[in-house]
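Please find below my notes on the model you sent. They go from the overall make-up to individual side chains.

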Amino acid sequence: MSTLAKKNEIIYFFLLVILLSIPFFVLGAFIDLTKYIPIKLPISALALLCPMLAAIILTKKDRKIALFKRVFDYKKITNYYWYIPIFLLIPMLMCLTFFMMKWLQIPLPKFEIKLSDAFVLVILFFIGAIGEELGWTVYATDVLQRKQGFLKTALIIGVVWAVWHIIPYWQAHRTFNWIFWQCIGTVALRIIMVWLYDKTGQSVFATIICHTTINLSEFYFPNYGSQYDPFYFGITLILTAVIISFFSFSREPLKAKWQPKTD
């Protein structure tokens, strides 16, 4: 593979994700599903499959099976205490957000959990996380970490990830301030997720579970996320990301264990 190809590989991936997402964004402009489903997801949210599709397209034929095998690579997690932050870090930060808002005397409805809804949402969010993380983690993170360190990799992907979400947020009738702080929190979330990925032996299963808990936590904030405020959640995420970055920052690139192409 030429030097130029290596340099442009991640750019091709990002552009392809956007290109594949355009039909969903256009469809979302004409069909509004937020009036009919309680979690108020726009139809453009179906673009969550596009990172995976882009990774499949850009991965050579002899590596495609290896790409999908990463979904359940939990055996990479040799230190089992990492399952604590994988499953509980984001829900704990969301609970902290809830109590912070209560302490600030911000009116919030009663917290309720319907187990029947939870089961369906876990399945849906897990599938959605696979669609995103086979792209953002398996492809983008591994490609970038051949040359970049942890923090720069996380920031680049985090910014692209946040910008990619802007149209679905807008089509879900979110305000400018809501979208702004949600995007800030999205970048912080990617720092947390790349950190978990690296610390768990580059386990994609870890990032998929973490991604699932992100969506589940947001939509289980009182009344299917209707009272969720990304400003307060963003504060907890930023502080967490700063602490992680301070202790984990390294200029030394992490060698990727998976390559999307063979030379």
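**Notes on the predicted model**

1. Basis. This is a predicted model, in which local features need pLDDT of at least 70, side-chain atom pairs count only at pLDDT 80 or more, and totals for chains, interfaces and linings use all residues. Residues are numbered from 1 along each chain as its sequence is written, and side-chain values use heavy atoms, with hydrogens and water left out.

2. Overall make-up. The protein has 9 helices and 0 strands, giving the pattern α-α-α-α-α-α-α-α-α along the sequence. Helices (H or I, at least four residues) and strands (E, at least two) are DSSP runs, numbered from the N terminus. Of the 263 residues, 49% are buried; buried means under 20% relative accessible area, exposed over 50%, and partly exposed in between (1.4 Å probe, protein chains only). Among contacts with a separation of 6 or more, 83% join residues 24 or more positions apart, contact meaning heavy atoms within 4.5 Å.

3. Surface. The accessible surface comes to about 13,800 Å², and carbon and sulfur atoms account for 71% of it. Accessible areas come from the Shrake-Rupley method with a 1.4 Å probe; for residues, only the protein chains shown count as cover.

4. Nonpolar patch. Ile11, Leu15, Ile18, Leu19, Ile22, Val26, Leu27, Phe30, Ile31 and Leu33 form a nonpolar surface patch with about 920 Å² of accessible area together. Patches are made of residues with over 30% relative accessible area and no salt bridge; like charges are joined within 9 Å, and nonpolar side chains (Val, Leu, Ile, Met, Phe, Trp, Tyr) within 5 Å. One member, Ile18, sits in helix α1 (residues 3–30) and is partly exposed, with a relative accessible area of 41%.

5. Salt bridges around Arg70. The whole structure contains 4 salt bridges, a salt bridge being a side-chain nitrogen of Lys or Arg within 4 Å of a carboxyl oxygen of Asp or Glu. Arg70 and Asp73 meet in one of them (3.0 Å, N to O). Asp73 is buried at 9% relative accessible area, and Arg70 is buried at 6%. Arg70 also bridges to Asp142, with the closest N and O atoms 3.5 Å apart. Arg70 lies in the loop between α3 (64–69) and α4 (83–103), and Asp142 in helix α5 (residues 115–144), so this pair ties together parts that are 72 residues apart in sequence.

6. Arg190. What does Arg190 pair with in a salt bridge? The partner is Glu133, the closest N and O atoms being 3.0 Å apart. Arg190 lies in helix α7 (residues 176–199) and Glu133 in helix α5, so the pair ties together parts that are 57 residues apart in sequence. Arg190 is buried at 0% relative accessibility, and Glu133 is likewise buried at 0%. Arg190 also lies over the face of Trp161, at 4.1 Å from the ring centre. A charge sits over a ring if NZ of Lys or CZ of Arg is within 6 Å of the ring centre and within 35 degrees of the ring normal.

7. Aromatic pairs. The search of the whole structure finds 24 aromatic pairs. Rings of Phe, Tyr and Trp (its six-membered ring) pair if their centres lie within 6.5 Å; planes under 30 degrees apart count as stacked, over 60 as edge-to-face and the rest as tilted. The ring centres of Tyr80 and Tyr83 are 6.2 Å apart and the planes are at 10°, so this pair is stacked. Tyr80 is exposed, at 61% relative accessible area, and Tyr83 is partly exposed, at 21%. For Tyr228 and Phe233 the centres are 5.9 Å apart and the planes at 70°, so the pair is edge-to-face; both residues are buried.

8. Aromatic cluster. Tyr228 and Phe233 belong to one aromatic cluster with Phe98, Phe99, Tyr169, Trp178 and Phe221. Arg174 lies over the face of Trp178, at 4.3 Å from the ring centre.

9. Thr213. This residue lies in helix α8 (residues 204–219) and is buried, at 10% relative accessibility. Leaving aside neighbours within four places in sequence, Thr213 is in contact with Ile86, Phe87, Ile90 and Pro91.
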